[in-house]
Amino acid sequence: MGYWSAENATEAYIKTMKMGKIPNEPETAEFISAIAAGNNAKLMVIACASAAGPTTLGLIAASHQTGGKLVCIVKGLEELHLSKQTLNKNAKRVEFVVGDAQHLLSHDYKSADLVVIDCNLQNHENILEAIQNDREKSTIVLGYNAFWKDSWLWSRSNSHLFPIGEGLLLMRVAGKRDNGGVKSGNLGGYSSPRRSHWVVKVDKCTGEEHVFRVRSPSGGSVVKA
């Protein structure tokens, strides 16, 4: 990770769409896929509240685009079996781990480039809080199903809540290797002083939401038009 690739983001977005739209959260899956691939994430970890679904499919597309590794954390054997059934042949492209997401993310996956959390997890607040501390390197953190939750209260000042799907929380946590652990809102690379600016535009005729990422010297924010 370390630079933004518009080509990777576009390819991952399209691949996610082609893998089959699932009615519950297709917009979220496609957006997360584009973020992961665009940032050239090599180690991606997702923690699911139940069985793996469309968001995991999006990350599979992203990992294929970047040549990275995808780890999926589920809480039990039942969720593991359901995940493999849901993903079908794509399950072989995922490394499944059964266990406590908070412990695993805080100890085993400190070097992850991208962490995705299902905010339907009962202890998602504790997970979000824990992964903001003592990271080995800069990590992009995404929380989906974030509406009607207090997730954003646990994410400190550098987070953004997007009106995508059931709510998408986005933040970046700097690691020990990046500016002495100082938090940053730039999702498109480490060295540039220009930060990411996210614009959410709603089509008044169709109601569709379009999210654009542009460079801005004033820092990241969300503008709804």
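**A helix and its sheet**

The protein averages a pLDDT of 75, and 62% of the residues score at least 70; pLDDT is the predictor's confidence in each residue, from 0 to 100. Over residues 22-26 the pLDDT is below 50, and this stretch has six contacts in the model beyond near neighbours in sequence, a contact being heavy atoms within 4.5 Å. This is a predicted model, in which local features need pLDDT of at least 70, side-chain atom pairs count only at pLDDT 80 or more, and totals for chains, interfaces and linings use all residues. Residues are numbered from 1 along each chain as its sequence is written, and side-chain values use heavy atoms, with hydrogens and water left out.

Helices (H or I, at least four residues) and strands (E, at least two) are DSSP runs, numbered from the N terminus.

Of the 13 residues of H3, 11 are buried, so the helix is largely enclosed by the rest of the structure. Buried means under 20% relative accessible area, exposed over 50%, and partly exposed in between (1.4 Å probe, protein chains only). Among the buried residues are Pro54, Leu57, Leu59, Ile60 and Thr66. After H3 comes Gly67, with a positive phi near 75 degrees.

Next, the sheet. Seven strands form an open sheet with mixed pairing, in the order E3-E2-E1-E4-E5-E7-E6; two strands pair if DSSP finds at least two bridges between them. The edge strands, E3 (95-98) and E6 (159-162), each pair on one side only. Neighbouring strands of this sheet are turned by 20 degrees against each other on average, direction ignored.

H3 lies across E1, E2 (69-74), E4 and E5 (139-144), and runs at about 175 degrees to E1. Axes are lines fitted to C-alpha atoms, for helices over the stretch in contact, and angles run from 0 to 180 degrees between N-to-C directions. E1 (residues 43-47) and E4 (residues 114-118) run parallel and are joined by four bridges. Ala47 has Ile117 in E4 as its bridge partner.
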